[in-house]
Amino acid sequence: MRDKGGQRNAGRWIAVVGIAAGVAVSIGQLVWAGDTTTTGNRVFFRGGYGEMLSDRAGELITDVHGAGGKNDGTGGYYIGGGAELMITRDLWGVVPGVALVGEIGLEFKRWASNSVVSGEALVGNLAPAKVQMTMLTASVAPKVKFRQGTDFQPWVIPGGLDFHVISPTSSQINYLDIGVQFGGGAEYRLWKELWLGVDGRYHQAANQTNTVNNFWTAGLYVGLGF
């Protein structure tokens, strides 16, 4: 009798576990089938064309004040990525369909670079060499998104905070700068939470490196909801 009771108990436990597993699988299937990740949170990757509003020719490290050619390129490319975190979908109940998200981004720019006499001229090396002109930008910005709940969503950045690192450093050996950015664009849902967008921004720097670091960018990005 003890063995039969143990078998009955084991059978009950197996049945309970089986029912629980079946319920979990069914719930998982329902969630997967209807899941469009409506949190509004996204990771994105972007890239395109960028241009400085002023070149950095005539500096000591960029081209030894033009002694052997000028590093006067202003255009180039950028690549970057970041995340968007949903703050409110309707501006805290004030405007339905208009969301506010917080964007955290990191972006690398490589400006047009020329072969010039570089800072190595200070140690007697006058051979021309390409001096790479780059910039790294970390940013935090509010982004206002319109037409929430639809597949096409335009957006604007009314103002965001930038932190810049320029390379090479300025003639005064300064390389850190801050600034603001303004931008706009639009995105379209391709499938589930896969989004494709266009992105344009203007960056106004404080020019604390004693160089003019203002620039603009325009390009494409891919976003993934999570």
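Strand S1 (residues 42–52) and strand S2 (residues 75–88) run antiparallel and are joined by 10 bridges. Strands here are DSSP runs of E, at least two residues long, numbered from the N terminus. Two strands count as paired if DSSP finds at least two bridges between them. This is a predicted model, in which local features need pLDDT of at least 70 and side-chain atom pairs count only at pLDDT 80 or more, while totals for chains, interfaces and linings use all residues. Residues are numbered from 1 along each chain as its sequence is written, and side-chain values use heavy atoms, with hydrogens and water left out.

Look at glycine 48. Its bridge partner in S2 is tyrosine 78. Glycine 48 also stands opposite glycine 219 in S10. S1 and S10 pair in the antiparallel sense over 11 bridges.

Now follow the strands around. Eight of them close into a barrel, in the order S1-S2-S3-S6-S7-S8-S9-S10, with antiparallel pairing. Neighbouring strands of this sheet are turned by 25° against each other on average, direction ignored. Glutamate 103 stands opposite alanine 141 in S6.

Next come the charged residues. Side chains of opposite charge can pair when their charged atoms come close. A salt bridge is a side-chain nitrogen of Lys or Arg within 4 Å of a carboxyl oxygen of Asp or Glu. The structure holds 14 salt bridges. One joins glutamate 103 and lysine 143, at 2.9 Å from N to O. This pair links distant parts of the chain: glutamate 103 lies in strand S3 and lysine 143 in strand S6, 40 residues apart. Is glutamate 103 buried or exposed? Glutamate 103 counts as buried because its relative accessibility is 0%; buried means under 20% relative accessible area, exposed over 50%, and partly exposed in between (1.4 Å probe, protein chains only). Lysine 143 is buried too, at 1%.

Another salt bridge joins glutamate 107 and arginine 46, with the closest N and O atoms 3.2 Å apart. Glutamate 107 is in strand S3 and arginine 46 in strand S1, 61 residues apart. Glutamate 107 is buried at 2% relative accessibility, and arginine 46 is buried at 7%.

Finally, turn to the nonpolar residues. A nonpolar core is a set of buried Ala, Val, Leu, Ile, Met, Phe, Trp, Tyr and Cys residues joined through side-chain atoms within 4.5 Å. The largest has eight residues, including Met52, Trp111, Met135 and Phe215. Apart from it lies another core, of five residues, among them Phe44 and Tyr221.

Conventions
Helices (H or I, at least four residues) and strands (E, at least two) are DSSP runs, numbered from the N terminus. Axes are lines fitted to C-alpha atoms, for helices over the stretch in contact, and angles run from 0 to 180 degrees between N-to-C directions.
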